[in-house]
Amino acid sequence: MRCLSCENLSFSIICKDCQTNLLKANFYKRELEKDFYNYSFYSYDEVKELLNSKYQFYGDRVFNILAKLSFKKFAKNFNYDEQVVAIAIDDHTRHQFSHNAILVKYLKSDNITPIYSTLKATNIVKYAGKDLLFRQKHKRHFKYLGLKNLKVILVDDLVTTGNTILEAKQILEKNGCEVLFSLTLSDAKN
Ligand SMILES: [Zn+2]
């Protein structure tokens, strides 16, 4: 097959060269609200096309590679003196796989336990290409089905305005959880 990124012949959907050079994970930090930060690994322009693979049948292979290069490394270096859980923002399956469940899976480590299918958007509205006003008017209305009083890392593929993450944070806090920070593959403002 051909590499999705450089189109050279490759055994993997993203060739080894692109994985080592182009997709070397960086580390970006953005404050979404006072003292609450989102961390991300790629600038949006670098991975825009790859993120869109979540709508394709081969998207699971792309997300496995991206998550291995970023989330997995993060988890390995994450030191915290308490156990925390990682929860994806809406990890329901749309196209035979859930791209956010893949991301969460790679955070599994001594300190971090991935938890699946606990945070559901009851309002499935597409935000892509919509402005802030539209996003504010059409909230996701999350429902949290998990345990109370957990320490949580929130996970999503992309942060744009940060509204979705903050909405999810709020519902978790209503359930006595403490959200430490959020983690996304990419930040649209980078
Ligand atoms: Zn390539």
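Student: Where is Asp35 found?

Tutor: Asp35 belongs to the loop that links β1 (28–33) with β2 (36–43). Helices here are DSSP runs of H or I with at least four residues, strands are runs of E with at least two, and both are numbered from the N terminus. Before going on, note that this is a predicted model, in which local features need pLDDT of at least 70, side-chain atom pairs count only at pLDDT 80 or more, and totals for chains, interfaces and linings use all residues. Residue numbers start from 1 along each chain as its sequence is written.

Student: Why is Tyr42 called buried?

Tutor: Tyr42, in strand β2, has 25 other C-beta atoms within 10 Å, so it counts as buried. Contact means that the C-beta atoms of two residues, placed from the backbone, lie within 7 Å. Leaving out residues up to four places away in sequence, Tyr42 touches Ala25, Asn26, Val47, Leu185 and Ser186.

Student: How do you know that β1 and β4 are edge strands?

Tutor: Strands pair if DSSP finds at least two bridges between them. By that rule there is an open sheet of six strands in the order β1-β2-β8-β7-β3-β4, with mixed pairing. β1 and β4 each have a single partner strand, so one side of each lacks a neighbour in the sheet. On average, neighbouring strands are turned by 30° against each other, direction ignored.

Student: What makes β3 and β4 a pair?

Tutor: Four bridges join β3 (residues 84–88) to β4, and the two run parallel. Val85 stands opposite Thr113 of β4. Strand β4 (residues 112–115) has a covered face with Ile112 and Pro114, while Thr113 and Ile115 are on the uncovered one.

Student: Why can the buried residues of α2 be said to line one face?

Tutor: The buried residues are Val47, Leu50 and Leu51. Seen down the axis, they fall within an arc of 95°, so they line one face of α2; the arc is that of the directions from the helix axis to the C-beta atoms. The face turned away carries the exposed residues Asp45 and Glu49. What covers the buried side includes β2, α3, β7 and β8.

Student: What about α3, and which elements do its buried residues pack against?

Tutor: In α3 (residues 59–69), Gly59, Val62, Phe63, Leu66 and Ala67 are buried. Their arc is 125°, so these too line one face of the helix. They pack against α2 (44–51), α4 (71–77), α5 (99–105) and β8 (178–187). An α-helix has 3.6 residues a turn, so residues three or four places apart point the same way.

Student: What makes a set of residues a nonpolar core, and which members of the largest one touch the most others?

Tutor: Such a core is a set of buried Ala, Val, Leu, Ile, Met, Phe, Trp, Tyr and Cys residues joined through C-beta atoms within 7 Å. The largest has 40 residues, and Leu103, Leu107, Ile153, Leu154 and Val155 touch the most other members. Strand β7 (residues 151–159) gives the most to it, with five residues.

Student: How do you know that the radius of gyration agrees with a compact globule?

Tutor: The radius is taken over C-alpha atoms, and the globule rule is 2.2 Å times the number of residues to the power 0.38. For 190 residues that rule gives a value near 16 Å, and the protein has 16 Å, so the two agree. Of the 190 residues, 33% count as buried.

How values were computed:
Buried ≥ 20, exposed ≤ 12 C-beta atoms within 10 Å, placed from the backbone. Axes fitted to C-alpha atoms, helices over the stretch in contact; angles between N-to-C directions.
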